[in-house]
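Please read these remarks with the sequence and the model open beside you. They are meant to be followed slowly, one point at a time.

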Amino acid sequence: VTENLIVGEGVSRTFVENFDNSIAAAVLLGSDPGVEPDVINRGEIHLDNTTGAPGILLYFTSNTFWDTGVVENFGLISAVDPRTATALFGPSWCPDIYNAGTIEARAPVRAEAINTSDLTTTITNTANGLISATGGEAATAVRMSNSHGFYIDNTVILRGGPINDGRIVAQ
């Protein structure tokens, strides 16, 4: 996706995981270097994965530094997969995330709601926000490796970057 992904209130969009640009993800964002599309969600964004791939809903590429693109969620972003699921994934850089809705990942093996290695990403979870991961073997609600948090037994210990007035749950 090289343009903004906007889902209006009352609208539900389901994306099928594919292998565009040799990356398994339902929505590949930032595939053009320097283009940072926003994700503005007031409805529902869902993952449909029947490929047997890793179950990634929104994938933020390393082609851009994500200095201006943002994720604003007021609805539901949901990655539910028969094996492993990740709702938002930034393998190196990732946009700032504002959540006043629900970001969830559910899978019988491993589930991650948000996973980024970006040193500068700020995640704001409002009082109405829920970031949730439910996995049979492993669940991580927010993984910010190389940045603001570290993890002990699937429990996130927040430092610096995340601002949380809502709920962050891993089970």
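Predicted model: local features only at pLDDT ≥ 70, side-chain atom pairs only at ≥ 80, totals over all residues.

1. In soluble globular proteins, nonpolar side chains tend to be buried together, and the first thing to look at here is the largest nonpolar core, which has 34 residues. Those with the most contacts inside this core are Leu57, Leu58, Phe60, Ile77 and Leu88, while its largest share, four residues, is supplied by strand 15, residues 138-144. Apart from this core lies another one of five residues, including Ala25, Ile56, Tyr59 and Phe89.

2. Leu88 belongs to strand 9, residues 84-90, and it counts as buried because its relative accessibility is 1%, where buried means under 20%. Leu88 and Leu57 are 31 residues apart in sequence, yet their C-alpha atoms are 6.3 Å apart in space. Beyond four places in sequence, the contacts of Leu88 include Phe60, Val71, Ile97, Ile103 and Asn115.

3. Which strand holds Thr116, and what does its side chain reach? Thr116 is in strand 12, residues 110-116, and its side chain reaches the backbone oxygen of Gly90 at 3.4 Å. With 0% relative accessibility, Thr116 counts as buried, and its contacts beyond four places in sequence include Gly90, Trp93, Cys94, Arg143 and Met144.

Key. Residues numbered from 1 in each chain as written. Heavy atoms only, no water. Core = buried A, V, L, I, M, F, W, Y, C linked by side-chain atoms within 4.5 Å. Buried < 20%, exposed > 50% of the residue type's maximum accessible area, 1.4 Å probe, protein only. Helix = DSSP H or I, 4+ residues; strand = E, 2+ residues; numbered from the N terminus. Contact = heavy atoms within 4.5 Å. Polar contact = N/O pair within 3.5 Å; in protein donor to acceptor, adjacent residues only side chain to side chain.
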